[in-house]
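Look over the sequence and the model shown here.

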Amino acid sequence: MRKIGIIGMGHVGSTLAHIIIDRGMVDEIVLLDVDQKHLTAESLDFRDAQSFLTHHTKILAGSYRDLSDADIVVSTFGNVNLTAKTGDRFAELKFNLEQIQAMADQLKAAKFNGVFLTITNPVDVITSVYQKTLGLSKTQVFGTGTYLDTSRLKREIGERFDVDPRAVSGFVVGEHGDSQFPAWSSIKVLEQPILKIAEERDIDVTDLEQATKRAAFDVIDGKGYTNIAIASAAAVLIDMILTDSHGEAIVSRYNDKLGCYISLPAIIGREGIVREIHLPLNRAETAKLKTSARSINEKTKLFE
């Protein structure tokens, strides 16, 4: 039986639950939220839709005890208003850290031993905190990281080069935050190096890095939060885990050399991070990655 739990029924959590239920990705889904009235309402709303769906899913407004045999648990809660006010995802760190300890303790008490996926911001630090608190292996715990940022960059490139974003390959690496950057040396459009094509067509791509960083805040400025794209990203990662696909994705995973959770490509499967993928970086990109890791570590120390 495929079973998943989602912690937090805010904009992201409810959208992710909708995707999972609508696609029939699991047999049972456990929804959790600190606001019991809201949680009950969300669960009822989903159950009211069941007669319209092609798949049956058992939907439970549950507790941490119900997650003991879950394949995956996803942390989606947060306070996007803090990020919106400051333009910095680290603004949520103090608030989110205050919530995590009790949640993780209850999940640990339930003897959960599946894969833990973090969306909660700042995702690199929060993922590390969850891993340490839950006592799970570093391969079992990872975050969405720059998976969505990479999709945003592909959308920007697709619009600039007039191609489908799926025709773009490559990654945004590093922190899910200000120090992230596109690894331009390995990004391709229609299997051709992007910098080579850009030069041949006289297309400027220098502004796309900032546009990618700004995209989330453009969405937040317009509607107050982001939900659709990040929930879609998480759903793909969840499918990789459940199907043991051994697909490649850029996620926030622990890197021994850099000493932190940071976004680099990996192979994803039933156990979480199945294998790390080495991404060739040029000298300048290697320096940027080290700077990004240093930024994550320094910001983390402020709250230890």
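In this predicted model, H6 gives the most to the lining of the second largest pocket, with 5 residues. Strand E7 (168-169), helix H9 (228-242) and strand E12 (247-255) are also among the elements that each supply at least two residues of that lining. In total, 20 residues line the second largest pocket, and Tyr-147, Thr-150, Ser-151, Lys-154 and Val-168 lie nearest its centre.

H6, which spans residues 147-161, also gives two or more residues to the lining of the largest pocket. The other elements that do so are helix H1 (11-23), helix H2 (36-48), helix H3 (80-86), helix H4 (93-109) and helix H8 (208-223). There the largest share, 5 residues, comes from H4. Of the residues lining the largest pocket, Thr-76, Phe-77, Gly-78, Asn-79 and Glu-92 lie nearest its centre.

| Pocket | Volume | Lining residues | Classes in the lining |
|---|---|---|---|
| Largest pocket | about 840 Å³ | 44 residues | 20 nonpolar, 20 polar, 4 charged |
| Second largest pocket | about 430 Å³ | 20 residues | 10 nonpolar, 6 polar, 4 charged |

Which residues of H7 (residues 194-201) are buried? They are Ile-194, Ile-197 and Ala-198. Seen down the axis of H7, these buried residues fall within an arc of 100 degrees, so they line one face of the helix. The face turned away from the buried side of H7 carries Glu-199 and Glu-200, which are exposed. After H7 comes Asp-202, with a positive phi near 55 degrees.

The last topic is the whole chain. The protein chain has 10 helices and 14 strands. Its radius of gyration is 19 Å, close to the 19 Å that the globule rule gives for 304 residues, so the chain is as compact as a globular protein of that length. The C-alpha trace spans about 55 × 45 × 40 Å along its principal axes. How much of the chain counts as buried? Of its 304 residues, 54% do. Among contacts between residues at least 6 apart in sequence, 69% join residues at least 24 apart.

Methods: Residues numbered from 1 in each chain as written. Predicted model: local features only at pLDDT ≥ 70, side-chain atom pairs only at ≥ 80, totals over all residues. Heavy atoms only, no water. 1 Å grid on protein atoms, 1.4 Å probe; cavity = no way out; pocket = protein on both sides within 12 Å on 5 of 7 lines; lining within 4 Å. Points joined across faces, edges and corners; volume = space filled by probe spheres on them. Helix = DSSP H or I, 4+ residues; strand = E, 2+ residues; numbered from the N terminus. Nonpolar A, V, L, I, M, F, W, Y, C, P; charged D, E, K, R; others polar. Buried < 20%, exposed > 50% of the residue type's maximum accessible area, 1.4 Å probe, protein only. Arc of directions from axis to C-beta. Rg over C-alpha atoms; globule rule 2.2 N^0.38 Å. Contact = heavy atoms within 4.5 Å.
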